[in-house]
Amino acid sequence: MRLSISGKVMMIYGSIFIIVIILTFSLSYFGMVGRLRSDLKDTHIALLKQIDDKIELVFRSTEKDLLNLSEQLEYVYFMYDSYDDVSQKYANFFGLSNKLKTMVHANNQFSSVFIYSNTSGDVLTDKAYINKNESEDHWLGSYLDMDGYTKWIATHKIWDGEKMQDVVTLIRPYPLISSPAYRKGLVAVNINEEVLYRMISDVFDGNQEGIHTFIIDDKGNIVTHDDKSQLYKNMTDIPYINRILGEKGSGQFAVEWNGGKQSIFYTKSNYTGWRIVSVIPETQLYHPLASIRNLMIGIVVLMVVLALSVLFYVNRRTFRPLDRLANKMTGAFKPMKPEHAARLDYLETVFDQMFMDREQLEQRVRDSKPILKWRIVMDMLAGYRTEYSSVSIQLEFTGFPLHPSMFVVCTAEIEKEGSMSSKDETLYTYVFCNVAEELINMETAGIAIDLGSGRSAIIFSFAEGDVEQNHLHALTILELILDIMKHQFGLCVTAGVGRCYFDMKDIPTSYEQSQKALQYRMVFGSHAVISFEDLIGSDNQYYYRLIKMTERIIEALRHTEIEKIRITVALLYQEAIGNSLSPELIRHLSYELVIKSLQAIAVTGIETDEVLDSMGNLHERMNRCHDWKVLEQIVLDVLTQIANKVKEKREQRGSNKLIEAMLIYIEEHYRESEFSLAQLADQFELTPTYISKLFKEHTEKNFIDYLIETRIKAAVGLLIDKNRKIIDIAEEVGYNNTRSFLRAFKKYTGMTPSEHRDWMLDTNAEITVE
């Protein structure tokens, strides 16, 4: 068919326009798709590296905690099994167990901590003590000959003293840098596999539908997996896993698996050597590209329609008159048929999809702000971000900009009265953080995050003022926050506050101080703002004085003077609280008082093991106490029970007139320096051996100890007169050698005669004032 002029023009220019449009579309589409595909790959690999960074941050913090633990004296004693007696051993176990519990409590990622002594074969955890004869599971001992100084073990099952758990374990030897032949033991920190997988889930914001992300070790064993049925499996029978194990660094490739094409993303941890793997169906991975493709196709259709419309209009105005002229000249003119209008319904759908994708993108950006805020604050608290310029832009993006100087850190914890569920705990912590941020930012600038388990961390920053002024300002704001939480939500919150520091690099120091201050809620009570400044002077200088006070309680226990025990115990705890003794020392003082009491009654023939069994798990009861008054009552109940048992034992034993006569004779002659057991035997016409045995059976002491104690008691009574000389008192109670008197006095009282005289005078003065 022969075309007219206008038809030829339409064909030529239409073909040119369509070719140009298709070429433009092809170059734009493939260029954009290629870039977006690359961006998607880089994004997924970046997410895996973010998971790796997060895990490495937690693992390195775990190593730091183990290094700090290895410096503790109780830890060294346990490893070498070096104790003078059983009481020191159990006191050391008590102190070390408390440190392990504090370590687990301060690190939400920790499941349990195991310490294994190769010297004794014993295992101590934060929940239990297992001696070498009771342990059925010596899994720790098998790693004593491991290569290197640290080892991360993939997921395995352990018994933590309460239940079986799937854990990932870090093992370090002791000494820290030692070959297998010189190692005394091992310490292991266990991290629950669920906690490890939660780190992955948090990075993906929980949106992993259709995506499988897991971690394998260098032998292909599963470390953590979203499908828990895969735990403890080896995946080397899967071809793409072998390929990943053979690669270094990070990468991506596609495989045919499970009836479809899958994209495999992986990265290798430089710290643990583990591989973090993400398996994503390509249909899901490239779903966002479908919207872009549809949009571009719609634009191409529109451009083609517009180009043909313009071409039709120009052709009609320019070439059709020529065509009609040619037809008239040749007599071949024929009327043209009208064109049909193009439909744009599909283009409207494409634009709707484009706006919908934009809204989803904005929503994802908004959802990422809390995660970014939490990560930045945790880095600041851990000391990984110490320059204001490195965080100022990110903080402004989250909506919580801080001032560049004057920082105070607070750690707050909600009191868990009754059975508060974890969901309610998280909700109340979120409410507390919102209330804190609202009130703080009305006055200055600050930010609050959830630390988990009902705990929150708050960072204050101030634009002006000095250190003391800003610290007081922070305390005032916190008291207002606690009042609001109490009156509006019925929640009791305790807050520990660190010192104010000028530079951001000191934020970790203030954070550590706030955590220490929070532990003092036993002393200061719940629902209080406890400043680290309040703890100044609460070192161990008063502890040893209180230890000496326990001797008075032991003496009253020996004489079963229950009322005196009650009064002295009350005075002991008032001294401890008045001198701001730390909660750890108060618990240790309580436990040592009970141990000394049991040692004191052992000579009466009472079975101390039976007494301990009747008290239940005394260690756990004391460790759970967060109120010193409750702890005082527990100790008082235990001492009363012990005193009653001693009293019953003595009543069963009855009296002995011979011993009573001997005691009267000793009271009359103890001032004689040459007085001895032989003199007593001659007086009563008995052998010294028989008297010694009879004396110990009925007085619960041997003769020489009773004589020394009688002389020291007499000396204590004479010391009240401050005008008497020490040398005269020594001679008066039967000591010709003053040095021997001083040695015996300090052994039985813990103080020199001069110190004891000053202490008695001070105590009497305090009682008089009261």
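Visitor: Is Tyr13 buried, partly exposed or exposed in this predicted model?
Guide: The model is predicted. Buried means under 20% relative accessible area and exposed means over 50%. Tyr13 has a relative accessible area of 41%, so the residue is partly exposed.

Visitor: Which helix holds Tyr13?
Guide: Tyr13 is one of the residues of a nonpolar patch on the surface, along with Met11, Ile12, Ile16, Phe17 and Val20. Together these residues have about 570 Å² of accessible area. The helix that holds Tyr13 covers residues 5-70 and is α1.

Visitor: Is Ser70, in helix α1, buried or exposed?
Guide: Ser70 lies in helix α1. Leaving aside neighbours within four places in sequence, Ser70 is in contact with Tyr75, Val76, Tyr174 and Leu176. The cut-off for buried is under 20% relative accessible area. Ser70 is at 9%, and therefore counts as buried.

Visitor: How many helices and strands are there in the protein?
Guide: The protein has 770 residues, and 45% of them count as buried. Its accessible surface comes to about 40,800 Å², with 53% belonging to carbon and sulfur atoms. As for helices and strands, the counts are 26 and 16.

Visitor: Among contacts between residues at least 6 apart in sequence, what percentage join residues at least 24 apart?
Guide: A contact here means heavy atoms within 4.5 Å. Of the contacts in the protein between residues at least 6 apart in sequence, the share joining residues at least 24 apart is 66%.

Visitor: Which residues touch the most other members of the largest nonpolar core?
Guide: In soluble globular proteins, nonpolar side chains tend to be buried together. The largest nonpolar core here has 70 residues. A second, separate core has 44 residues, including Leu48, Tyr75, Leu170 and Tyr174. In the largest core, the residues that touch the most other members are Ile565, Ile642, Ile666, Leu680 and Phe741.

Visitor: Which residues is Ile565 in contact with, leaving aside its neighbours within four places in sequence?
Guide: Ile565 belongs to the largest nonpolar core. With those neighbours set aside, its contacts are Ile553, Ala556, Leu557, Leu636, Leu639 and Ala643.

Visitor: How many disulfides does the count come to?
Guide: A disulfide is a covalent bond between the sulfur atoms of two cysteines. Cys410 is at 0% relative accessibility and counts as buried, and Cys433, at 6%, also counts as buried. For a disulfide, a pair of cysteine sulfur atoms must lie within 2.5 Å. By this rule the number of disulfides is 0.

How values were computed
Residues numbered from 1 in each chain as written. Predicted model: local features only at pLDDT ≥ 70, side-chain atom pairs only at ≥ 80, totals over all residues. Heavy atoms only, no water. Patch = residues over 30% accessible without salt bridge, like charges linked within 9 Å, V, L, I, M, F, W, Y side chains within 5 Å. Areas by Shrake-Rupley, 256 points an atom, 1.4 Å probe, with all protein chains shown as cover. Salt bridge = Lys/Arg side-chain N within 4 Å of Asp/Glu carboxyl O. Helix = DSSP H or I, 4+ residues; strand = E, 2+ residues; numbered from the N terminus. Buried < 20%, exposed > 50% of the residue type's maximum accessible area, 1.4 Å probe, protein only. Core = buried A, V, L, I, M, F, W, Y, C linked by side-chain atoms within 4.5 Å.
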